[in-house]
Amino acid sequence: MLKKLFQSFRPPVPGPHHRRTTPEVINKSQHSLQRHQFSRHAVNIVERLQSAGYQAYLVGGCVRDLMLGITPKDFDVATSATPEQVRAEFRNARIIGRRFKLVHVHFGREIIEVATFRAHHSEDDQGDAHRSSHNASGRILRDNVYGTLEEDAQRRDFTINALYYDPVSERILDYANGVHDVRNRLLRLIGDPTHRYQEDPVRMLRAVRFAAKLDFGIEKHTYLPIRGLAPMLREIPPARLFEECLKLFLSGQGAIAFEMLVDLELFEPLFPASAHALDERPTYTHTLISQALNNTDLRVKQGKPVTPAFLFAALLWPALPARVLHLQNQGVPPIPAMNGAAHDLIAEQCARIAIPKRFTLPIREIWDMQERLPRRSGKRADMLLDNPRFRAGYDFLLLRESAGEETDELGQWWTDYQDANDSERREMIRELGSRDESAGPRKRKRSGSKRKRSGDEAFE
């Protein structure tokens, strides 16, 4: 599967330092797009800006996705009008951003993003303006240099995202052979790949995301620099990496994205502790994370809710047991050892990816349940069953078992306990008290009910 995603095919196109100033024009009869497929609000924005004397086009993902038969999630407009000029045309518009100024035009719940054509920062720029726009490694810090349509096309990341659709003439303007790459399902950076990744290392993650999401191959020159430049991700603000991880893992193709991240050595800069666990216990770690992502992908495809908390709990879990054991060996009791190890691991991870507190708290509760679920004597089992995090903890226990972790059939016990009536539950508790503490739970004859599948509570 991965071999398919990394392609050596490279058709003759303008070289990375040769700018195409005249676009290939694909007329209405040469493509399948129709204006009614686009958001009527986005089309109206384009028409209104053109009527006011500005250039304006639908651009990027919405054009690419409709060419592939995919329903776009949003519709973006690119224009020669500045943010202030766009705002003057629309009373329902608001300028946002500092590093990259944009205009959001609101139509009820729908928001159309309007961006002014951008130009590359020239290497010959002088004075504070240029010095403040890049850091020492070449990463773009500010990006509000406006330019022409041609310049805007060349500064976009991938050829498939540099397609401009005019709903008035119903033509596509293609400055980077993007239509060719869409039709050949090929992901290719515009310009010199090393330089473009240095400008913004997150483009390496975007390459993985688009390749996984669209089932595209990554062109050879586009993927070759990635392994050497992967450490640059450590320079990216943790809050931005959290958003990128959500897009990577909650898009419905998280499992293949994970495989690509590991192969391209991008996983370690994102999840250093988990990458270490992947080296130490490769089979278990890989299986657990892959299974969690496969489950998430299935839920996305089924339109079921998902939450980052359960997924991040799975991504980080393989790094946790060794830390808990280390504290226990120092004399710390099991539950405090779990709490201490969890606190330290999450703090370390948040230095790389800023997981919000609304997710870190459920992560710790899911992990805490793993230490509590084996403690079932007396009234503890019923108290655990009433715990609002029981379902997530139970599902996580089944995930651990599916990865090959030995739990002395604990997951089966809890499955049976949920299926049992009150008298059967009392008997199960008595059996626990009568058997030898070191023996595993006696396998009960089941009533024919199948093991419960993961419940929605684990994902909401």
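**Aspartate 152**

I started with aspartate 152, which is found in helix H6, residues 149-155. I am working from a predicted model here. Is aspartate 152 buried or exposed? Its relative accessibility is 2%, so I put it down as buried; the cut-off for that is under 20%. Next I looked up what it touches, leaving aside residues up to four places away in sequence. Aspartate 152 has contacts with Ala78, Thr116, Phe117, Arg118 and Tyr164.

**Whole chain**

Then I stepped back to the chain. I have 24 helices and eleven strands on my list. Of the 460 residues, 49% are buried. I also checked contacts with a separation of 6 or more: 72% of them are between residues 24 or more positions apart. The accessible surface comes to about 21,700 Å², and carbon and sulfur atoms hold 48% of that.

I followed S6 (residues 102-107) and its two partners. S5 (residues 93-96) runs antiparallel to S6, and four bridges join them. I noted two of the partners: alanine 93 goes with valine 105 in S6, and isoleucine 95 goes with valine 103. S5 and S6 make a hairpin with five residues between them. Which residue in that turn has a positive phi? I found glycine 97, at about 85°.

On to S7 (residues 110-116), which is antiparallel to S6 and joined to it by five bridges. Histidine 104 stands opposite glutamate 113 in S7. This hairpin has two residues between the strands, and glycine 108 has a positive phi near 65°.

**Threonine 194**

Threonine 194 lies in helix H8, residues 193-199. Its relative accessible area is 30%, so I count it as partly exposed. Leaving out residues up to four places away in sequence, I see threonine 194 touching Pro225 and Leu229. I also checked leucine 224, which is 30 residues from threonine 194 along the chain; their C-alpha atoms are 9.0 Å apart.

**Helix H12**

I checked the length of H12 (residues 238-249) against expectation. Twelve residues at 1.5 Å a residue should span 16 Å, and I get 16 Å between the end C-alpha atoms, so the two agree. Which residues of H12 are buried? I have Leu241, Phe242, Glu244, Cys245, Leu248 and Phe249. A reminder to myself: an α-helix has 3.6 residues a turn, so residues three or four places apart point the same way.

I then asked what the buried residues of H12 pack against. The partners are H9 (202-214), H13 (254-263), H14 (267-270), H16 (282-301), H17 (308-316) and H20 (357-372).

**Rings**

I counted 19 aromatic pairs. One of them is phenylalanine 38 with phenylalanine 75, edge-to-face, with 6.2 Å centre to centre and 65° between the planes. Phenylalanine 38 is in the loop between S2 (24-26) and H2 (40-51), and phenylalanine 75 is in the loop between H3 (61-67) and S4 (76-79), so the pair ties together parts 37 residues apart in sequence. I checked burial too, and both phenylalanine 38 and phenylalanine 75 are buried.

There is also a cluster linked by ring pairs: Phe242, Phe249, Phe258, Phe267, Phe271, Phe312 and Phe359. Phe242 and Phe249 were already on my list of buried residues in H12.

Arginine 209 lies over the face of phenylalanine 210, 5.0 Å from the ring centre. The charged end of arginine 376 sits over the ring of tryptophan 413, at 4.7 Å from its centre.

**Helix H22**

Last stop was H22, residues 390-402. Its 13 residues reach 18 Å from first C-alpha to last, close to the 18 Å expected at 1.5 Å a residue. How many of its residues are buried? I get twelve of 13, so H22 goes down as mostly covered.

Just after H22, I found glycine 404 with a positive phi of about 100°.

Notes: Residues are numbered from 1 along each chain as its sequence is written. This is a predicted model: local features need pLDDT of at least 70, side-chain atom pairs count only at pLDDT 80 or more; totals for chains, interfaces and linings use all residues. Side-chain values use heavy atoms; hydrogens and water are left out. The expected span of a helix is 1.5 Å times one less than its number of residues. Buried means under 20% relative accessible area, exposed over 50%, partly exposed in between (1.4 Å probe, protein chains only). Contact means heavy atoms within 4.5 Å. Accessible areas come from the Shrake-Rupley method with a 1.4 Å probe; for residues, only the protein chains shown count as cover. Rings of Phe, Tyr and Trp (its six-membered ring) pair if their centres lie within 6.5 Å; planes under 30 degrees apart count as stacked, over 60 as edge-to-face and the rest as tilted. A charge sits over a ring if NZ of Lys or CZ of Arg is within 6 Å of the ring centre and within 35 degrees of the ring normal. Two strands pair if DSSP finds at least two bridges between them.
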